[in-house]
Amino acid sequence: MKRRQFLCSVAAVGSISLIGVARAAGESMIVYKDPNCGCCEAWANAMASAGFTVTVKHDDDLAAIKAKYQIPEELQGCHTAVSGPYFFEGHVPLEAVETVMSKRPDIAGLAVPGMPAGSLGMGSDPHAPYDVYSIPKDGGKPSVILSVRPS
């Protein structure tokens, strides 16, 4: 391989790893969480590492936040994040957040119900399955947009 080809290859690989950061750069995000929840803090830190400008708001009345954004009770997680017109309920994977922020679909937000082991911020259980739901703006039926099924 010639030097020039090598340098171009290195530059291309380096830019691929920065795509997620570039998508999030300049986007602000508020994360509403219980003051005592460490897994929510880990999720917020992952968003900040991806380039979001994250503000964490400790809130003892998360039910009011979830009601404000009309998040169905059966899809609620332990924290609620808001960025632009979207909410991200619970431990939504970074890739799903970045996809929504870059493609700007006509939805209210995404949700990962509960606190599934192995989801972003919830440890490293390599076998933990969970689903990511898209919640429409009109109060319609949520749908699974991503099924995480590690092998």
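Is Tyr69 buried, exposed or partly exposed? Partly exposed, with a relative accessible area of 23%. Buried means under 20%, exposed over 50%, and partly exposed lies in between (1.4 Å probe, protein chains only).

A word on the source. This is a predicted model: local features need pLDDT of at least 70, side-chain atom pairs count only at pLDDT 80 or more, and totals for chains, interfaces and linings use all residues. Residues are numbered from 1 along each chain as its sequence is written, and side-chain values use heavy atoms, without hydrogens or water.

Back to the rings. Searching the whole structure gives 1 aromatic pair. Tyr69 and Phe87 make that pair, tilted, at 6.4 Å centre to centre and 55° between the planes. Tyr69 sits in the loop between H3 and strand S3 (80–83), Phe87 in strand S4 (residues 86–90), so the pair ties together parts 18 residues apart in sequence. Phe87 is buried, at 2% relative accessibility. For ring pairs of Phe, Tyr and Trp (its six-membered ring), centres lie within 6.5 Å; planes under 30 degrees apart are stacked, over 60 edge-to-face, the rest tilted. Helices (H or I, at least four residues) and strands (E, at least two) are DSSP runs, numbered from the N terminus.

Next, Lys66. Helix H3 (residues 62–68) holds Lys66. Lys66 is buried, at 5% relative accessible area. Beyond its neighbours within four places in sequence, its contacts include Ile71, His79 and Glu89; contact means heavy atoms within 4.5 Å.

Last, Gln70. Its phi is positive, near 55°, and it is not a glycine. Gln70 lies in the loop between H3 and S3. Gln70 is exposed, at 61% relative accessible area.
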